[in-house]
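Please look through the model shown below.

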Amino acid sequence: MVYIRDIALPDFPLLLAPMEDVSDPPFRAVCKANGADLMYTEFISSEGLIRDAAKSRKKLDVFDYERPIGIQLFGSDVETMGECARISTLAGPDLIDINYGCPVKQVACRGAGAALLRDIPKMVQMTEAVVKATHLPVTVKTRLGWDDTTKNVEDVAERLQDIGIEALTVHGRTRVQMYKGDADWRLIAAIKNNPRIKIPIFGNGDIDSPQKAVEYKNRYGVDGVMIGRASIGYPWIFREVKHYVATGELLAPPTVEERVNMCRMHFEKSIEWKGGRVGIFEMRRHYAQYFRGLEGAKQWRMRLVETDSVDEVHAILNEIIAAEPVLVG
């Protein structure tokens with residue numbers, strides 16, 4: 001077992017990465033159904049919570065079937081982050097996570113996310129404020145550093161552990177890299193092998209197959225892996241990794257019927273949580289991934305993204321099953 005304080009996770013747990021405009025409750029539901037062990041909300045702006053912005057408040061929604069679930073916060077002001085940890089605690093998650101890894105300009109150029117990698121004393125101060133503001137375990141997600149000249153994550157890991165975080169996830173790229181190039185897990189392994197480090201260390205970046213998950217587990221010794229982009233439209237990645245870890249064998253890919261049924265579950269959860277109009281609209285970004293590689297996928301996707309009718313979406317999904325399209329790539 002892997003423990004984040006009293007949260008018991010299985011050996012080599014699989015974490016779902018917090019992804020803006022992706023990892024909302026409907027998406028988390030399909031990932032949980034396929035074996036995700038620990039999930040996080042989309043990152044939530046501390047400034048938005050303080051202003052009581054509707055979008056930020058809505059992201060606090062967590063459900064019992066998701067547990068264990070963490071609320072992830074980002075911000076640039078120490079006091080505000082502490083206050084938002086208190087607000088988030090009231091929403092009833094299992095832990096609070098701090099985002100020190102987001103590289104996008106809208107976040108980093110405001111002094112939040114990965115920008116804190118250029119001000120480690122402030123990062124430590126902010127983390128301590130969050131730890132003191134909640135009774136829940138606090139975890140952190142970050143990157144190797146700001147750029148190739150400031151890969152300071154080994155020092156960051158020690159300092160954040162010392163002030164009370166209870167798990168650390170490291171994305172194997174710098175902020176300057178964004179999502180380009182290959183993730184470098186060597187510093188993640190160095191943190192895990194540091195005898196001073198007692199908390200779980202999770203690796204993130206480029207895990208897109210069961211084989212790679214096991215290869216990185218064995219090569220870098222991490223306690224678990226976080227999976228992000230590879231799960232979009234393909235939540236089966238979690239069950240496939242688990243099966244491969246347990247047996248050394250690859251599962252057959254999901255059938256057409258499984259693809260449609262999982263897409264339908266995602267769609268129904270989207271309608272339930274967001275309402276008909278928004279639920280239909282926001283689901284459109286997922287269809288291409290669910291049906292990627294199926295014969296005639298473009299035709300099905302175009303019809304799905306053009307309709308505004310819940311009944312018609314269901315009818316099209318039924319047509320896909322009836323057509324029995326073959327997997328062509």
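**Salt bridges and a helix pair**

K59 counts as buried because its relative accessibility is 11%. The model is a predicted one. K59 forms a salt bridge with E20, with 3.0 Å between the closest N and O atoms. K59 sits in the loop between helix 3 (54–58) and strand 6 (69–74), and E20 in the loop between strand 3 (14–16) and helix 1 (25–33), so the pair ties together parts 39 residues apart in sequence. E20, at 28% relative accessibility, counts as partly exposed.

The structure holds 23 salt bridges. Another of them joins the side chains of K274 and D24, at 2.6 Å from N to O. This pair links distant parts of the chain, K274 being in helix 11 and D24 in the loop between strand 3 and helix 1, 250 residues apart. Both K274 and D24 are buried. D24, K274 and E282 are linked in a network of salt bridges.

K274 and E282 also belong to the contact between helix 11 and helix 12. Helix 11 (residues 256–274) and helix 12 (residues 276–283) pack at an angle of about 140°, and their axes are 7 Å apart. That angle makes helix 11 oblique to helix 12. Their crossing is right-handed. On the helix 11 side the contact includes C263, H266 and F267, and on the helix 12 side V278, I280 and M283. By class, the contact has six nonpolar, four polar and two charged residues.

V326 lies in the segment after helix 15 (310–323). With 44% relative accessibility, V326 counts as partly exposed. Beyond its neighbours within four places in sequence, V326 is in contact with G293, L294 and E295.

Terms used. Residues numbered from 1 in each chain as written. Predicted model: local features only at pLDDT ≥ 70, side-chain atom pairs only at ≥ 80, totals over all residues. Heavy atoms only, no water. Axes fitted to C-alpha atoms, helices over the stretch in contact; angles between N-to-C directions. Helix = DSSP H or I, 4+ residues; strand = E, 2+ residues; numbered from the N terminus. Parallel < 35°, antiparallel > 145°, perpendicular 65-115°, else oblique. Left-handed = near helix turned anticlockwise from the far one by under 90°. Contact = heavy atoms within 4.5 Å. Nonpolar A, V, L, I, M, F, W, Y, C, P; charged D, E, K, R; others polar. Buried < 20%, exposed > 50% of the residue type's maximum accessible area, 1.4 Å probe, protein only. Salt bridge = Lys/Arg side-chain N within 4 Å of Asp/Glu carboxyl O.
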